[in-house]
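Me: Could you take a close look at the ligand site and walk me through what surrounds the ligand and what holds its metal?

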Amino acid sequence: MRRSLLLAPLALALSLAACHKGGGAEAAAAPAPSGPRMPAGVTPALIATGDSIFHSGGCQRCHGQKGVGGQNGPSLVAGPWLHSTGKYEEIVQTITTGVPRTALKDQNRRFPMNGRGGQMNLNDDQVKAVAAYVWSISRDKH
Ligand code: HEC
């Protein structure tokens with residue numbers, strides 16, 4: 001008890017120092033950020049377009065409303081990334097190619113994921129839009 005009381009101020013001082021250092025470096029690299037930084041080419045309008053594509057049937061059917069995950073598709077909002085590190089370009093790639101059965105991380109899934117939304121047959125612009133939406137909902141994934 002006594003020991004932890006003595007150590008507490010030290011730990012606090014150390015974490016404050018670390019914080020200060022990190023904040024300074026970040027501020028220098030990215031001046032005046034106003035909200036989450038979007039990847040090149042991604043705009044709020046593109047995300048909105050992707051939202052309606054996602055919820056028009058194809059993606060939502062497996063990944064659930066707002067991508068929270070469902071019986072036939074993993075969550076796109078939480079948990080670890082399965083097929084990339086979660087960069088926008090990588091999400092575009094995954095949606096373009098799909099996930100063939102042999103590449104499924106969970107081999108118990110009933111279906112693989114077809115490229116370009118399968119029957120939706122999304123063109124490049126639509127893939128980019130729906131990937132922008134997935135990017136926007138997946139910032140807490142790791
Ligand atoms: C038939 C069900 C199904 C449909 C429809 C579907 N997916 Fe998937 N999706 C999956 C499965 C299954 C995986 C891979 C899970 C695994 O590896 O175990 C996956 C993986 C993904 C990943 C990679 C996630 C990661 O962790 O790396 C993204 C991104 C994704 N889907 C987006 C979409 C989008 C956008 C659409 C609509 C255009 C869509 N999916 C349609 C089933 C589906």
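Reply: What follows describes the ligand site, from its surroundings to the metal.

This is a predicted model, in which local features need pLDDT of at least 70 and side-chain atom pairs count only at pLDDT 80 or more, while totals for chains, interfaces and linings use all residues. Residues are numbered from 1 along each chain as its sequence is written, and side-chain values use heavy atoms, with hydrogens and water left out.

Of the 26 residues around the ligand, Cys59, Cys62, His63, His83 and Met113 come nearest (a residue is near if one of its heavy atoms lies within 4 Å). The shell comprises 15 nonpolar, seven polar and four charged residues, with Ala, Val, Leu, Ile, Met, Phe, Trp, Tyr, Cys and Pro counted as nonpolar, Asp, Glu, Lys and Arg as charged, and the others, Gly among them, as polar. Helix H3 gives the largest share of this shell, five residues (helices are DSSP runs of H or I with at least four residues, strands are E runs of at least two, numbered from the N terminus).

The iron atom of the ligand has His63 (NE2) and Met113 (SD) as protein donors at 1.9 to 2.0 Å, donors being N, O and S atoms within 2.8 Å of the metal (3.2 Å for Na, K and Ca), with water not among the atoms, so sites may look incomplete. Because histidine 63 lies in helix H3 and methionine 113 in strand S2 (residues 113-114), the pair ties together parts that are 50 residues apart in sequence.
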